[in-house]
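Trainee: Could we go through this protein together, one question at a time? I have the viewer open and would like to learn how to read it.

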Amino acid sequence: MSNKAKQMTATQKQNLNRLRGSAGRFIGVHTKQGLAINAKFIRETDNYVLVYDRNKFMDRKIHKNSITSVVGG
């Protein structure tokens, strides 16, 4: 069984770079599941991004491939 990670598209890479470069500001994150989160980037792993959700007042773990757009930052 192979443990190869799925390659990310250029748009996904661009969204992750925007998220990383947000410099502690709150930005909009949209996911494939239809969530629109007002989030602050905390940290990332190989497959996931951890953000603080300002609306729910909690940390959220989001798979990198499920992020469709990042607004702001």
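Mentor: Happy to; what follows is a set of questions and answers on a predicted model.

Trainee: In what order do the elements of the protein chain run from the N terminus on?
Mentor: Let's start with the inventory: the protein chain holds 1 helix and 5 strands. Reading from the N terminus on, the order is α-β-β-β-β-β.

Trainee: What radius of gyration does the protein chain have, and what would a compact globule with 73 residues have?
Mentor: For a sense of the dimensions, the C-alpha atoms fill a box of roughly 40 × 20 × 20 Å along the principal axes. A compact globule with 73 residues would have a radius of gyration near 11 Å, and the value for the protein chain agrees with that: 12 Å.

Trainee: What percentage of the residues in the protein chain are buried?
Mentor: A residue counts as buried when its relative accessible area is under 20%. Of the 73 residues in the protein chain, the buried share is 32%.

Trainee: How much of the accessible surface belongs to carbon and sulfur atoms?
Mentor: The accessible surface of the protein chain comes to about 5000 Å². The part that belongs to carbon and sulfur atoms is 51%.

Trainee: How far apart are the mean positions of the positive and negative charges?
Mentor: The protein chain carries 14 positive and 4 negative charges.

Trainee: Which strands do the buried residues of H1 pack against?
Mentor: Helix H1 covers residues 10–20, and its buried residues are Gln12, Asn15, Leu16 and Leu19. Seen down the axis of H1, these buried residues fall within an arc of 95 degrees, so they line one face of the helix. The strands they pack against are E1 (27–31), E2 (36–44), E3 (48–53) and E5 (67–71).

Trainee: Which residues does Asn65 contact, leaving aside its neighbours within four places in sequence?
Mentor: Asn65 is found in the loop between E4 and E5. Although it sits in a loop, Asn65 counts as buried at 15% relative accessibility. Its contacts beyond four places in sequence are Lys6, Met8, Gln12 and Lys32.

Trainee: How far apart in space are Asn47 and Asn65, C-alpha to C-alpha?
Mentor: Asn47 lies in the loop between E2 and E3 and is partly exposed, with a relative accessible area of 37%. Not counting residues up to four places away in sequence, Asn47 touches Ile62, His63 and Lys64. Asn47 and Asn65 are 18 residues apart in sequence, and their C-alpha distance is 8.0 Å.

Trainee: Which residues does Val71 touch, not counting residues up to four places away in sequence?
Mentor: Find Val71 in strand E5. Its C-alpha atom is separated by 9.8 Å from that of Phe26, which is 45 residues away along the chain. The residues Val71 touches are Ile27, Gly28 and His30.

Trainee: What is phi of Ala23?
Mentor: Most residues other than glycine have a negative phi. Ala23 is found in the loop between H1 and E1, and at 60% relative accessibility it counts as exposed. Although Ala23 is not a glycine, its phi is positive, at about 55 degrees.

Trainee: Where is Phe57, another residue with a positive phi?
Mentor: Phi of Phe57 is near 55 degrees, again in a residue other than glycine. Phe57 is exposed, with a relative accessible area of 64%. Its place is the loop between E3 and strand E4 (58–63).

Trainee: How far apart in space are Gly34 and Ala10, C-alpha to C-alpha?
Mentor: Gly34 has its place in the loop between E1 and E2 and is exposed, with a relative accessible area of 62%. Gly34 and Ala10 are 24 residues apart in sequence, and the distance between their C-alpha atoms is 21 Å.

Methods: Residues numbered from 1 in each chain as written. Predicted model: local features only at pLDDT ≥ 70, side-chain atom pairs only at ≥ 80, totals over all residues. Heavy atoms only, no water. Helix = DSSP H or I, 4+ residues; strand = E, 2+ residues; numbered from the N terminus. Rg over C-alpha atoms; globule rule 2.2 N^0.38 Å. Buried < 20%, exposed > 50% of the residue type's maximum accessible area, 1.4 Å probe, protein only. Areas by Shrake-Rupley, 256 points an atom, 1.4 Å probe, with all protein chains shown as cover. Lys, Arg positive; Asp, Glu negative; His and termini not counted. Charge placed at Lys NZ, Arg CZ, Asp CG, Glu CD. Arc of directions from axis to C-beta. Contact = heavy atoms within 4.5 Å.
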